[in-house]
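The exercises below ask for a careful reading of one model, with each task followed by a worked solution. Please try each task on the structure before reading on.

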Amino acid sequence: MKQINEVVTLSIEDGIAVLTLDSPPVNALSAAVRAGLQQGFTAAIDDDAVQAIVLICAGRTFIAGADISEFGGDKTEQTGPDEREIMDNSPKPIVAAIHGTALGGGLETALCAHYRVAAQSAKVGLPEVHLGLLPGAGGTQRLPRLTGAEVALDWMITGRHVPVAEAAEYGVVDEVVPDESLREDAIAFARRVVAEGGELRRVRDRDDKVAADRDKPELFADFRKKHARKFRGFKAPEAIVQCVEAAVNLPYDEGREVEKRLFAELVSSPESAAQRYYFFAERAAAKVPDVPRDTPRIPVESVGIIGAGTMGGGIAMNFANAGIPVTIVEQQPEALERGLGVIRKNYERTASKGRITSAQVEERMGLITGSLTKDDLASVDLVIEAVFELMDVKKSIFTELDEICKPGAILATNTSGLDIDEIAAVTERPEAVIGMHFFSPANVMKLLEVVRADHTSKEVIATVMALAKKIGKIPALVGVCPGFVGNRILYARRRESERLLMEGAMPWDIDTAVTNFGLPMGPYQMSDLAGLDIGWRKEESAGRTVREVLCEMDRRGQKTGAGYYDYDENRKATPSPVAAKIIEDFRAKEGVAPREISEEEIFERCTLPMINEGLHILEEGKAVRASDIDVIYVNGYGWPVYRGGPMFYADQLGAEHVLERLRFYEEKYGSDFTPSPLLEKVVAEGGRISEL
Ligand code: 3H9
């Protein structure tokens with residue numbers, strides 16, 4: 001065996017060269033990997049004893065793509081033929097042996113081999129779109145030559161990981177073999193190719209599929225139209241479509257030039273920078289500095305949920321989807337029936353869209369048991385309380401749970417802002433008490449704020465963070481404070497939007513400023529959707545705010561057909577003259593002469609307090625790192641991922657600019673805009689907010 005460089009080895013077994021790449025964790029195409037592959041392929045091609053070459057990877061996966069951390073630097077520059085050109089021009093057949101995930105540049109490398117053999121559990125895909133990129137190493141030109149344009153577009157626009165059985169239908173994979181025997185089977189495959197004459201089957205030379213697509217001029221227009229809404233704000237999808245059009249209409253080399261040009265544009269775009277930042281942010285959020293990776297975890301094999309309302313039901317579905325049995329406890333039989341009925345309906349709706357089978361509906365319902373007594377939770381490993389937000393109710397539930405649940409069971413609350421330390425204090429096991437703040441609808445929204453209270457143990461944190469991943473959530477650890485991280489930042493925006501309202505902006509002006517930036521909803525659209533009466537009590541209402549007046553008029557949002565907006569029978573919103581009049585009356589009462597406020601000012605005044613609040617949160621240690629705040633905003637509040645998150649956006653504006661603008665507004669509006677001392681520090685040190 002010959003060591004080609006620090007990551008690639010070459011061994012020759014009876015005429016077959018085996019190049020093994022070993023660059024943990026995921027064999028990404030770093031400069032060292034690429035150099036190793038170039039030298040390794042060249043050595044094998046030059047060796048007269050070699051008749052065919054197998055490329056295989058060590059560790060958990062085949063090449064998972066380009067090294068994302070190298071984009072933006074200068075390490076991606078290189079001279080001379082790259083490994084893919086060497087493979088393309090090889091006079092000896094090359095077989096790629098795929099296990100784990102062959103993604104992005106990894107699949108593109110495999111597509112330069114003449115054949116692909118894959119382990120049955122492997123997946124392939126071109127997920128560059130999630131990084132604001134397109135497959136820039138020939139993927140947009142090669143994949144359509146195997147699958148045709150439509151399938152290639154689907155793979156590249158969704159970025160999904162495609163099972164090998166599906167990939168084999170198109171010849172993206174030539175042979176699927178058992179996981180255990182990939183190496184031997186790939187070598188045997190190579191031998192067979194040699195024995196049969198050593199045909200060099202290059203993907204780039206195939207024309208039949210793309211030729212057939214040339215007769216479908218409507219294909220691309222239809223595709224664009226169908227996905228227009230999803231593409232909004234993103235640059236990569238349109239660039240991918242243009243590349244596939246080039247693959248269909250131009251010779252390979254010309255198409256490749258289009259791909260290179262568009263890739264270069266994307267890789268230097270702020271959108272891709274934000275999405276690449278987000279990729280690492282999401283992975284960082286899973287790590288808690290003082291809770292090491294090897295912290296023992298408590299096995300969670302069964303779960304109890306208190307409350308079969310919208311939240312409890314949604315939470316239960318996550319566990320059932322992951323195969324974990326759940327017991328839902330309600331007080332009244334009708335409420336329990338209703339809750340279980342809603343869950344079934346949700347599953348049936350998903351089945352009617354073809355996303356799950358009817359057998360799966362039954363399987364998942366079979367994992368959910370209703371109960372009318374908490375006594376049935378005596379043996380579960382985790383209980384999540386999801387009742388309404390009243391401290392006394394929560395305390396009495398936790399007192400009971402503490403008595404009923406077995407020692408070691410985790411007691412979690414889904415509160416969206418109550419003091420979890422106070423709740424934990426009523427139990428004899430505060431170390432087992434934690435917050436699991438799901439977002440509505442809980443079976444859909446990806447975010448989980450995991451709330452660490454004063455006494456929560458490291459084992460419990462490690463367990464819940466890992467469990468979150470298992471049920472398909474993206475967790476971020478936060479500390480106890482009103483609203484935790486996400487809602488606390490939202491309150492800061494809300495404070496300012498209310499002031500804007502009184503100064504002269506209408507709810508729809510504020511919503512438009514926010515949605516034009518790329519968020520799906522503004523603050524007033526959000527209120528109407530959630531219900532204006534959350535936390536509102538009729539007995540205590542005295543017409544002190546616009547919201548109170550609207551509630552008193554039974555304009556409680558979408559559910560009553562009216563709120564800040566009026567809604568037609570299809571829930572289409574129009575600005576409401578009634579709401580406008582109430583706002584105008586308030587202004588008149590306070591003697592305010594309304595002024596025209598620009599969209600730019602509205603947006604700035606809504607966003608700067610969010611950034612500043614994020615900095616306060618970091619100062620207080622209520623978030624682990626700035627990028628966690630961005631993960632929370634992208635997954636729980638619809639912040640567009642192509643803008644990274646509020647803290648990343650702050651860096652795009654520039655920390656100094658943010659400080660200067662906060663000071664400007666502080667002079668006018670006072671302490672709500674007083675810059676956080678942490679911001680002053682970042683600016684003084686020339687640092688970046690998103691790296692805090
Ligand atoms: C591309 O290929 C462009 C080309 O078309 C054109 C080139 C000219 N680079 O996710 P995990 C790290 S773009 C650098 O926790 P899993 C990751 O940060 C690329 N680092 O594991 C983490 O580090 P740490 C297209 C990477 O088992 C560790 O590896 N490819 C890369 O849950 C483990 O990752 C993609 O977009 C990378 N490419 O999932 C695939 N990938 O331990 C991106 C991972 O320090 N990767 N890391 O936190 C993935 O989707 C998942 O990582 C994968 C494994 C499915 C492979």
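**Exercise 1.** At what angle do helix α14 and helix α15 pack, and how far apart are their axes?

Two remarks on the source come before the solution. Residues are numbered from 1 along each chain as its sequence is written. The model is predicted, and local features need pLDDT of at least 70, side-chain atom pairs count only at pLDDT 80 or more, while totals for chains, interfaces and linings use all residues.

*Solution.* Begin by locating the elements, where helices (H or I, at least four residues) and strands (E, at least two) are DSSP runs numbered from the N terminus. Helix α14 covers residues 333–352 and helix α15 covers residues 358–366, and the two pack at about 160° with their axes 9 Å apart. Axes here are lines fitted to C-alpha atoms, for helices over the stretch in contact, and angles run from 0 to 180 degrees between N-to-C directions. The angle therefore makes α14 roughly antiparallel to α15, a term that applies to angles over 145 degrees, whereas those under 35 count as roughly parallel, 65 to 115 as roughly perpendicular and the rest as oblique.

Next, list the contact, taking two residues as touching if their C-beta atoms, placed from the backbone, lie within 7 Å. On the α14 side are R344, Y347, E348 and A351, which meet S358, V361, R364 and M365 of α15. The residues of this contact divide into four nonpolar, one polar and three charged, where Ala, Val, Leu, Ile, Met, Phe, Trp, Tyr, Cys and Pro count as nonpolar, Asp, Glu, Lys and Arg as charged, and the others, Gly among them, as polar.

**Exercise 2.** Repeat the analysis for the open sheet of three strands.

*Solution.* The order is β6-β8-β9, again with mixed pairing. Here β6 (101–103) and β9 (162–163) are the edge strands, and each has a single partner, so one side of each lacks a neighbour in the sheet. Strand β6 pairs with β8 (residues 123–125) in the parallel sense over three bridges, and T101 stands opposite K123 in β8.

**Exercise 3.** Which residues come nearest to the ligand, and which elements each supply at least two residues of its shell?

*Solution.* A residue belongs to the surroundings if its C-beta atom, placed from the backbone, lies within 6 Å. Of the 25 residues around the ligand, A64, G65, A66, G104 and G105 come nearest. At least two shell residues each are supplied by β6, α3 (105–110) and α12 (270–285). The shell divides into 13 nonpolar, eight polar and four charged residues.

Terms used. Two strands pair if DSSP finds at least two bridges between them.
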